[in-house]
Amino acid sequence: MKRLPLYCAAAGLVAAVLAWLVAPAPPRLDTTGLPAQLTDILGDDTKGYRDLSVTVIEGGTATTASTGESLFEIGSVTKVLTGMLFADLVAEGMVRKDLTLGEAFPAADLKRTTASITLEELASQRSGLPRLAPGPETYLQAMVSGLTGSNPYAGDDVKTLLSAAERAEPGDHRGKVSYSNFGMALLGHALAAHTQKPYAQLVTERILTPLGLSATTIDPAPADRSPGSRATGSQVDPWSSTGYAPAGVGPRSTAADLGKLVAATLAGTAPGADAATPRFTDGDGSRIGYAWFTTRYGTQEITWHNGATGGFTSYVAFDPAAGKGVVVLGNTDRPVERIGLRLLGATPPEESRSVVLPVVTVLLLTWAASALLYLAASARRTVPEAGKAAWWESKPDRLRAVGTVLSTAALLVLLHRIGAWLVIPPATWAVAAGLAVAGLIAVAATWRNLPTHTGGAAWIRWAGLTISAMISTAVIVAVS
């Protein structure tokens, strides 16, 4: 036992080295082949990007540059397609601006206030509907997706969307701009129901085909779609949903395709180009048309929309006065808006980063690194007799040791996926893993001297360990 510290240190060092090989690895963009203007904008700030694809429209000419992947999930940029579809149908007299959800879905059992929402309110984000479909299952699915990288909209089709609409009601903020994916999805399917054509077919016939956007897909997603990832390096599942497709779940495109859309909208020749005209004032000083936002940056007014899915980000924008537009697509969840604004010559606001996740990451890493070491140190100082301690006293025993081992493993696996690795050096994860293994060796060395449990009724302790083990195992399996 005198050499136990040496053995623990050696085991911890070996474990840390091995853990370093599988530690979180945020990607870093290879800027080879990108134009000088873009590399100057990026500078050394390339961490968290895998591939970028950029199109700049100026003087009627579009120039595209990419680092690798060309087909990206475009997320909420799809909303401008839905807004332009609405504007195009209104211009042709096929849809009234004041057409209500109740008229579009006469068979749905909508609440009176929901049935009275107009399509124009939906198109301009003033419906008052919640951001996502109401119900605890929506937020549970989003939470699970955040932990596991799965598709939070899996299984959401038009039927489930309308079912959620029957439970929904607009809030007190109706009439004010309040962003709603749920509302924009309902708009797309309301237009489809009114014209008796599926949304994907409708937007393809009226927007994509006239503009020659042959690489843009709405539904179904292409079989060879490549996955995105988090900026911290972990891969995530593709997002797909027929229900939320009009809001941006599933559609994919290229920077070149979206460059055609921006150029035609800038020139006023795109179907539904009038959707970009500002009509209503947003609370933050921006204005909104049909999905398109217009925001002032210094002396410039930029018309824009952005998008984000689990592993992709997107930004389309243009400066009408300068006759210049931009498309920026990325295949991680690190935002690309600042790149687009600087390409347009605008000064973006300072990038704000929450300190919550880095602080939580450090605290949890510290716990993971110290929990087993503390338990081992306590066990070596004193070996209590079974039943001598009160249930609330933290005394070392076998049940506590097993629970600590499982929870530490679950914590390390969880942090590997969701830790703040753009800020915290990933090597700290390997160090924490090494210290945890050192503690595990020390606990194993004192195992035969530990009682099964100390304090409290045996069935309560065993039940607590069982629940803890189930939770830890579920986290490890789900996240892995």
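Helices α8 and α9 pass each other in a left-handed crossing. In this predicted model, α8 spans residues 158-167 and α9 covers residues 181-195, and their axes come within 11 Å at a crossing angle of roughly 120 degrees. That angle makes the pair oblique. On the α8 side, the contact is built from V158, L161, L162, A164 and A165, while α9 brings in F182, A185, L186 and H189. Sorted by class, that gives 8 nonpolar residues, 1 polar residue and no charged ones.

The crossing of α14 with α16 is left-handed. From α14, the contact takes L399, R400, V402, G403, L406, S407, A409, A410, V413, L414 and R417; from α16, it takes R461, W462, L465, S468, A469, S472, V475, I476 and V479. The class count for this contact comes to 13 nonpolar, 4 polar and 3 charged residues.

As for confidence, the protein has a mean pLDDT of 91, and 95% of its residues reach 70 or more. One stretch to treat separately is residues 386-393, where the pLDDT is below 50. Even so, the model gives this stretch 14 contacts beyond near neighbours in sequence.

Key. Residues are numbered from 1 along each chain as its sequence is written. This is a predicted model: local features need pLDDT of at least 70, side-chain atom pairs count only at pLDDT 80 or more; totals for chains, interfaces and linings use all residues. Side-chain values use heavy atoms; hydrogens and water are left out. A crossing is left-handed if the near helix is turned anticlockwise from the far one by less than a right angle, and right-handed if clockwise. Helices (H or I, at least four residues) and strands (E, at least two) are DSSP runs, numbered from the N terminus. Contact means heavy atoms within 4.5 Å. Ala, Val, Leu, Ile, Met, Phe, Trp, Tyr, Cys and Pro count as nonpolar, Asp, Glu, Lys and Arg as charged, and the others, Gly among them, as polar. pLDDT is the predictor's confidence in each residue, from 0 to 100. Axes are lines fitted to C-alpha atoms, for helices over the stretch in contact, and angles run from 0 to 180 degrees between N-to-C directions. Angles under 35 degrees count as roughly parallel, over 145 as roughly antiparallel, 65 to 115 as roughly perpendicular and the rest as oblique.
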